[in-house]
Amino acid sequence: MTILTTPRLVLRPFDPADAEDLFAVFGNPAAMRYWSTLPHASVAVTARMIEQSLAADPSQHAEFAIEHDGKVIGKVGLWQMPEIGYVLHPDYWRRGIATEAVQAVIAHGFETLGLARITADVDPENLASLAMLKKLGFVVTGQAQNTIKIGGKWFDSIYLELAAPDR
């Protein structure tokens, strides 16, 4: 069981007991604005997401609950290796928490998992995520229209990539 720590955060595997805290994130329309699904309708939906994450193939997924001051406030990780993703409760935006969590997962991906690169798929309207990823060294590798349909609406993608150091 991998646990990553940063100055303010503990990134750890999900626990079924995290469902309530994570529903506060995944049920929040602002937090889910750029996520790949609609906001969760109930804690049960979030509990199923946790179960799926725990059952996922560890060679393809390395997902973590973001814990801050003893409370789970989001999710960060790699899935469909080497794609990174993250979501954070809006109460914790603009504090550098997402950056701190993503940096820890990037380090884990390169140093522990031996990835040659890490990719991201970001909605072009998600300016905060695009700025953060570029600040961390990600470069745009392409873009596409109508890449995912959520709630009957099509969304576009900007693709980014970060190469492992010294490769």
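## Basis of the model

The structure is a predicted model, in which local features need pLDDT of at least 70 and side-chain atom pairs count only at pLDDT 80 or more, while totals for chains, interfaces and linings use all residues. Residues are numbered from 1 along each chain as its sequence is written, and side-chain values use heavy atoms, with hydrogens and water left out.

Helices (H or I, at least four residues) and strands (E, at least two) are DSSP runs, numbered from the N terminus.

## Aromatic pairs

Rings of Phe, Tyr and Trp (its six-membered ring) pair if their centres lie within 6.5 Å; planes under 30 degrees apart count as stacked, over 60 as edge-to-face and the rest as tilted. Phe26, Trp35 and Trp79 form one aromatic cluster.

Burial is assigned from relative accessible area: buried means under 20%, exposed over 50%, and partly exposed in between (1.4 Å probe, protein chains only). Phe26, at 0% relative accessibility, therefore counts as buried. Trp35 is buried as well, with a relative accessible area of 14%, and Trp79 is also buried.

## Packing of α1 against α2

Helix α1 (residues 19-26) packs on helix α2 (residues 43-55) at an angle of about 105°, and the two axes are 9 Å apart. Axes are lines fitted to C-alpha atoms, for helices over the stretch in contact, and angles run from 0 to 180 degrees between N-to-C directions. Angles under 35 degrees count as roughly parallel, over 145 as roughly antiparallel, 65 to 115 as roughly perpendicular and the rest as oblique. The helices α1 and α2 are therefore roughly perpendicular to each other.

Contact means heavy atoms within 4.5 Å. On the α1 side, Ala19, Glu20, Leu22, Phe23 and Phe26 take part, and they meet Val43, Thr46, Ala47, Met49 and Ile50 of α2. The residues of this contact comprise eight nonpolar, one polar and one charged, where Ala, Val, Leu, Ile, Met, Phe, Trp, Tyr, Cys and Pro count as nonpolar, Asp, Glu, Lys and Arg as charged, and the others, Gly among them, as polar.

Helix α2 also holds Ser53, which counts as buried because its relative accessibility is 15%. Leaving aside neighbours within four places in sequence, Ser53 is in contact with Phe14 and Glu63.

## Helix α3

Helix α3 (residues 97-112) has 16 residues and reaches 22 Å from its first C-alpha to its last, close to the 22 Å expected at 1.5 Å a residue. The expected span is 1.5 Å times one less than the number of residues. Buried residues in α3 include Ile97, Val102, Val105, Ile106 and Phe110, as well as Glu100 and His108. The helix is followed by Gly114, which has a positive phi, near 70°.

## Backbone features in loops and strands

The peptide bond from Met81 to Pro82 is cis, with omega near 20°; Pro82 lies in the loop between β4 and β5 (83-88). Asp69 has a positive phi of about 50° although it is not a glycine. Asp69 is placed in the loop between β3 (61-68) and β4, and at 71% relative accessibility it counts as exposed.

Asn146, also not a glycine, has a positive phi of about 50°. Asn146 is in strand β7 and is partly exposed, with a relative accessible area of 46%. Gly142 lies in strand β7 (residues 139-150) too; Gly142 is partly exposed, at 22%. Apart from neighbours within four places in sequence, Gly142 is in contact with Ile158 and Tyr159.
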